[in-house]
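Me: I am new to this structure and would like to go through it in questions and answers. Could you take it slowly?

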Amino acid sequence: MKVEKLHIVLGLFYALAGMALGMVMAESGDHTQHVTHAHAMLVGFVVSALYAVFYRLWGLKQGLLALIQFGLHHIGTIIMVIGLYILYGAMMPEDHIGPILGLASALVVAGMALMTFFIIRHKDA
């Protein structure tokens, strides 16, 4: 499967999870997980979809570096969304989950940096 399709498929799963969380918050009237919802939708769905578009529109190579970029983004995003759910669900104090969220953020930023590198180095036909 191409990296662009992997990004779209996982992005759609983040969208479904984010929408489900949004529905739960709306039904319960408890919006304490709004930060988790926003990160699932934006970092998970929107950024993943944009990456897929970038791979398709720019015709970016889909070798090992693309898989690394994919892994950095999605491993970081999964850890981030779960970590935020734990934090805002008061399941763990911030001083315990904070370093994990920091690592997740660093992975997501590294994925974005690698995508930026891909776009900059790409030679237009």
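**A residue in a helix, then the rings**

Reply: In this predicted model, Gln69 lies in helix H3.

Me: Is Gln69 buried or exposed?
Reply: A residue counts as buried when its relative accessible area is under 20%. Gln69 has a relative accessibility of 0%, and therefore this residue of the predicted model is buried.

Me: Which residues does Gln69 touch, not counting residues up to four places away in sequence?
Reply: Gln69 also lies in helix H3, and the count leaves out residues up to four places away in sequence. With those set aside, Gln69 touches His7, Tyr51, Tyr55, Gly111, Leu114, Met115 and Phe118.

Me: What separates the C-alpha atoms of Gly71 and Leu107?
Reply: Gly71 has its place in helix H3, which covers residues 64–88, and Gly71 is buried, with a relative accessible area of 18%. Gly71 and Leu107 are 36 residues apart along the chain, and their C-alpha atoms are separated by 8.8 Å.

Me: How many aromatic pairs does the structure hold?
Reply: Ring pairs link Tyr51, Phe54 and Trp58 into a cluster. In total, the number of aromatic pairs that the structure holds is four.

Methods
Residues numbered from 1 in each chain as written. Predicted model: local features only at pLDDT ≥ 70, side-chain atom pairs only at ≥ 80, totals over all residues. Heavy atoms only, no water. Phe/Tyr/Trp six-rings, centres within 6.5 Å; stacked < 30°, edge-to-face > 60°. Helix = DSSP H or I, 4+ residues; strand = E, 2+ residues; numbered from the N terminus. Buried < 20%, exposed > 50% of the residue type's maximum accessible area, 1.4 Å probe, protein only. Contact = heavy atoms within 4.5 Å.
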